[in-house]
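Here is a friendly briefing to keep beside you while you look through the sequence and the structure. Take a moment to turn the view around before reading on.

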Amino acid sequence: MARFRLNGSKMLAVELAGDTIRALNGSMVAYDGQMTFKRQGISGGEGLRGALKRRIAGESMTLMEITGQGTVYLASEATEVTLVPLNGETFFVESESLLALDGRLQTGVQFVGLRGMGTGQGLATTKVDGHGTVAILSEGPAIALEVTPQTPLSVDPHAYVAHFGRLRQDVVTDVNWRTVLGQGSGESVQFRYQGHGVVYVQPAERGGILEI
């Protein structure tokens, strides 16, 4: 079983004993032992059907398959790495925030409509199912925010990274705080989560504020 651990806050070390993982193409910065690397292309190992679904949805994901004996070190543009263990849950993550995952985990495309338009990821996001570890990337340390029926959560789409749990996600509009400060006009799109689960956000925004 592949063992994921952090080597500092911005590098992932994965110890392999004949195991296989999938990782962001080009994210390998070093390794010891014997490793083989196989690029999987835009399908991310999901086959032709998965590749077609991603192309239609505008959700790209370029992964490589790593198999071997030893330790491989992975990183991407000095962004922060967070480990998320899955025990049968379905995990939803922006494809640009996915660094690596256990080879036993299954990935697919989840159509999300307007939610994807808010982040520039098209109409879909990546879902991960099964038992194993996922390593995600964020601008600054990822923050895990719990959602309960008593405490729904609203998130800036440009700060959203991932989520899991029994959550309902809605796209809502609210008064833009920058409008209040005289720095813009219109309304901003927000994601609102209700139910039981966890949402990961980053302390930085991708791009700019989306207004409609």
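What follows is a short tour, from the overall layout to single residues and their partners.

Please keep in mind that this is a predicted model. The protein is built with 3 helices and 12 strands. Of its 212 residues, 47% count as buried.

**Overall picture**

- The accessible surface of the protein comes to about 10100 Å², and carbon and sulfur atoms hold 52% of that surface.
- Among contacts with a separation of 6 or more, 77% are made by residues 24 or more positions apart.

- Strand 1 covers residues 3-6 and strand 2 covers residues 12-24; the two pair in the antiparallel sense over 4 bridges.
- Leu6 has Leu12 in strand 2 as its bridge partner.
- The two strands, strand 1 and strand 2, form a hairpin with 5 residues between them, and Gly8 in the turn has a positive phi of about 80°.

**Salt bridges**

- The count comes to 4 salt bridges.
- Glu15 forms one of them with Arg3, with the closest N and O atoms 2.9 Å apart. Because Glu15 lies in strand 2 and Arg3 in strand 1, this pair ties together parts that are 12 residues apart in sequence.
- Glu15 also meets Arg5 in a salt bridge, at 2.8 Å from N to O. Here Arg5 sits in strand 1 and Glu15 in strand 2, 10 residues apart.
- Taken together, Arg3, Arg5 and Glu15 are linked in a network of salt bridges.
- How exposed are the members of this network? Glu15 is partly exposed, with a relative accessible area of 26%. Arg3 is partly exposed at 46%, and Arg5 is partly exposed at 26%.

- Asp102 lies in strand 6 (residues 98-102). Is Asp102 buried or exposed? Its relative accessibility is 4%, so Asp102 counts as buried.
- The side chains of Asp102 and Arg104 meet in a salt bridge, at 3.1 Å from N to O. In this pair, Arg104 is partly exposed, with a relative accessible area of 44%.
- Leaving aside neighbours within four places in sequence, Asp102 is in contact with Ala2, Phe4, Thr20, Ile21, Gly132 and Thr133.

- Thr125 is found in strand 8, and at 1% relative accessibility Thr125 counts as buried.
- What does the side chain of Thr125 make a polar contact with? One partner is the side chain of Glu94, at 3.0 Å. A polar atom of the Thr125 side chain also lies 2.9 Å from the backbone oxygen of Val93.
- Gly130 has its place in strand 8 too, which covers residues 124-138.
- Not counting residues up to four places away in sequence, Gly130 touches Leu86, Asn87, Gly88, Glu89 and Leu105.
- Gly130 and Pro85 are 45 residues apart in sequence, with 9.9 Å between their C-alpha atoms.

**Aromatic pairs**

- A pair of aromatic rings is described by the distance of the centres and the angle of the planes.
- The count comes to 6 aromatic pairs. In one of them, the rings of Tyr31 and Phe37 have their centres 5.4 Å apart and their planes at 55°, so the pair is tilted. Tyr31 counts as partly exposed at 39% relative accessibility, and Phe37 counts as partly exposed at 34%.
- Phe91 and Phe164 form a tilted pair as well, 6.2 Å centre to centre with 45° between the planes. This pair links distant parts of the chain: Phe91 is in strand 5 (residues 80-93) and Phe164 in strand 11 (residues 160-175), 73 residues apart.
- Are Phe91 and Phe164 buried or exposed? Phe91 counts as buried at 0% relative accessibility, and Phe164 counts as buried at 17%.
- Ring pairs link Phe91, Phe164 and Tyr200 into a cluster.

Terms used. Residues numbered from 1 in each chain as written. Predicted model: local features only at pLDDT ≥ 70, side-chain atom pairs only at ≥ 80, totals over all residues. Heavy atoms only, no water. Buried < 20%, exposed > 50% of the residue type's maximum accessible area, 1.4 Å probe, protein only. Contact = heavy atoms within 4.5 Å. Areas by Shrake-Rupley, 256 points an atom, 1.4 Å probe, with all protein chains shown as cover. Pairing = 2+ DSSP bridges. Phe/Tyr/Trp six-rings, centres within 6.5 Å; stacked < 30°, edge-to-face > 60°. Polar contact = N/O pair within 3.5 Å; in protein donor to acceptor, adjacent residues only side chain to side chain.
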